[in-house]
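This report describes surface charge, a covalent cross-link and charge pairing in the structure shown below.

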Amino acid sequence: MTRVFASALAIGTIVLGSAAAATGPPHLNSAASHKRHVVVTFTLGDLAPGDIVVASHAKTQPNGAFVKANIVLDEPLKPTKTKTGSRARTAHRLAKRRYWVEVSGVVVGLDCTPHKPCRTDWSNSRRVTVK
C-alpha cells in the first residue's frame, strides 16, 4: 500500500511540476506608436490577458509592475491572435513623449476569490516614443 501511495505522489508531483513550468511570464516582443496609440506584440503562454500599462518612467515594483505614481495609462488587455503570439493597441491616445510599456497575464485558478485574487505576472518593459 505504501508503494502505491509513493508512486501516486511522485506522478502527481511530476504532473503539477510540469504544469507550473509550462506557464512562464508574459513576454513583450515589441512596442511602437501609431497615431498616438501604443501598439504591442507579445506572448502570454497559458496566462489569461491582464492589462496593458504605460508609464512615464521604467521603474518597477518587486512584483514587476510599474510604480503606481509613474503610470499614465492602465487599460484591460484586449489581444488579437497573430501567427507568433498576440497583438494589442491602447484605446486611448497619449501625448507626444517617451514612455515605457508592459503587459500582464493572469494565472487562472479555481481558488481565486475577490479576497484572494489570482496571481498577476508582468512582462518585460519596452520603451516607446509617441510622435
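## Positive surface patch

Lys35, Arg36, Arg87, Arg89, Arg93 and Lys96 form a patch of positive charge on the surface. Patches are built from residues with over 30% relative accessible area and no salt bridge, like charges being joined within 9 Å. This is a predicted model, in which local features need pLDDT of at least 70 and side-chain atom pairs count only at pLDDT 80 or more, while totals for chains, interfaces and linings use all residues. Residues are numbered from 1 along each chain as its sequence is written, and side-chain values use heavy atoms, with hydrogens and water left out.

Lys96 lies in the loop between strand S6 (85–89) and strand S7 (97–106); strands are DSSP runs (E) of at least two residues, numbered from the N terminus. Lys96 is exposed because its relative accessibility is 62% (buried means under 20%, exposed over 50%, partly exposed in between, with a 1.4 Å probe and protein chains only).

## Disulfide

The whole structure contains 1 disulfide, defined as a pair of cysteine sulfur atoms within 2.5 Å. Cys112 and Cys118 are the partners, with an S to S distance of 1.7 Å. Their link is right-handed, at 115 degrees about the S-S bond. Cys112 is partly exposed, at 29% relative accessible area.

## Salt bridges

There are 2 salt bridges in the structure (a side-chain nitrogen of Lys or Arg within 4 Å of a carboxyl oxygen of Asp or Glu). Asp111 pairs with Lys116 at 3.4 Å, N to O, and Asp111 is exposed at 52% relative accessibility.

Arg119 and Asp121 form a salt bridge at 2.9 Å, N to O. Asp121 is buried, with 14% relative accessible area.

Technical notes:
Patch = residues over 30% accessible without salt bridge, like charges linked within 9 Å, V, L, I, M, F, W, Y side chains within 5 Å. Areas by Shrake-Rupley, 256 points an atom, 1.4 Å probe, with all protein chains shown as cover. Lys, Arg positive; Asp, Glu negative; His and termini not counted. Charge placed at Lys NZ, Arg CZ, Asp CG, Glu CD. Helix = DSSP H or I, 4+ residues; strand = E, 2+ residues; numbered from the N terminus.
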